[in-house]
Amino acid sequence: MKLSLRYASVAAGIGLAAGALATAAPASAAPAPVVAGYTHYAGSAEEAAANKAFFQAVLKSVAQKRAAHPHAASVTVTYDASGAPSFAQQIANSASIWNSSVSNVKLQASSGGDFSYREGNDPRGSYASTDGHGSGYVFLDYAQNQEYDSTRVTAHETGHVLGLPDHYEGPCSELMSGGGPGTSCTNPYPDANEKSRVNQLWANGFAKAVKSLEKSAKTG
């Protein structure tokens with residue numbers, strides 16, 4: 001089952017009944033992820049599991065490529081933006097924001113990256129998704145990116161790639177509060193706690209991923 005994390009939408013007519021949205025078929029997102037058990041925008045156990053799965057999928061992909069250089073000062077995560085040409089500038093801005101905010105992981109554009117971006121129409125809005133088998137992508141919804149600040153949406157979803165969960169009840173100063181503060185919030189930058197968390201995740205998580213791969217190679 002695919003699990004997803006999305007940028008919350010509070011548009012008129014959509015409301016907060018995320019469970020109802022979960023049953024609606026996307027107009028052009030293919031393959032479509034299954035939004036598991038969403039009942040409100042305050043987060044859920046399924047959403048937390050989706051975030052963890054996405055981060056671990058990206059981490060494993062990176063570790064496999066970098067196992068030969070486990071002591072590098074920072075980890076490079078590559079992304080393929082070719083599937084979201086309408087958002088090329090927002091994706092580039094998002095990568096620049098994160099690269100200037102954290103030191104233990106860097107984002108770099110590349111064909112066939114560790115994760116990819118896609119675009120289209122989906123009534124569930126934008127989200128980060130993984131199928132649990134190492135394939136992860138960020139989907140950017142057209143309508144939602146017109147309603148909300150598009151760079152904030154993109155940077156928020158990229159935050160999931162780097163391991164951060166949603167915190168919709170947070171203030172606009174928190175990037176991972178997503179759509180919680182409303183459409184007037186245009187802040188695309190992570191706060192000090194979010195920066196620290198990403199640095200910690202990639203310092204510890206990457207080292208553990210490399211050790212796990214090395215152990216598997218010796219016993220395989």
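Predicted model: local features only at pLDDT ≥ 70, side-chain atom pairs only at ≥ 80, totals over all residues.
Q: Why is the pair of tyrosine 127 and phenylalanine 139 called stacked?
A: The ring centres of tyrosine 127 and phenylalanine 139 are 5.1 Å apart and the planes stand at 15 degrees, so the pair is stacked. The pair links distant parts of the chain, 12 residues apart: tyrosine 127 belongs to strand E5 (residues 127-130) and phenylalanine 139 to strand E6 (residues 136-141). Strands (E, at least two residues) and helices (H or I, at least four) are DSSP runs, numbered from the N terminus.

Q: Why do tyrosine 127 and phenylalanine 139 count as buried?
A: Buried means under 20% relative accessible area, exposed over 50%, and partly exposed in between (1.4 Å probe, protein chains only). Tyrosine 127 has 1% relative accessibility and therefore counts as buried; phenylalanine 139, at 2%, also counts as buried. Of the 220 residues of the protein, 49% count as buried.

Q: Which residues form one aromatic cluster?
A: Tyr79, Phe115 and Tyr117 form this cluster.

Q: What makes the charged end of arginine 118 sit over the ring of tyrosine 137?
A: A charge sits over a ring if NZ of Lys or CZ of Arg is within 6 Å of the ring centre and within 35 degrees of the ring normal. The charged end of arginine 118 sits over the ring of tyrosine 137, at 3.6 Å from its centre.

Q: Why is the contact of arginine 124 and aspartate 122 called a salt bridge?
A: A salt bridge is a side-chain nitrogen of Lys or Arg within 4 Å of a carboxyl oxygen of Asp or Glu. The side chains of arginine 124 and aspartate 122 meet at 2.8 Å, N to O, so they form a salt bridge. A search of the whole structure finds 1 salt bridge.

Q: Are arginine 124 and aspartate 122 buried or exposed, and how do you know?
A: Arginine 124 has 4% relative accessibility and so counts as buried. Aspartate 122 is buried because its relative accessible area is 4%.

Q: What is the basis of these values?
A: Local features need pLDDT of at least 70 and side-chain atom pairs count only at pLDDT 80 or more, while totals for chains, interfaces and linings use all residues. Residues are numbered from 1 along each chain as its sequence is written, and side-chain values use heavy atoms, with hydrogens and water left out.

Terms used: Phe/Tyr/Trp six-rings, centres within 6.5 Å; stacked < 30°, edge-to-face > 60°.
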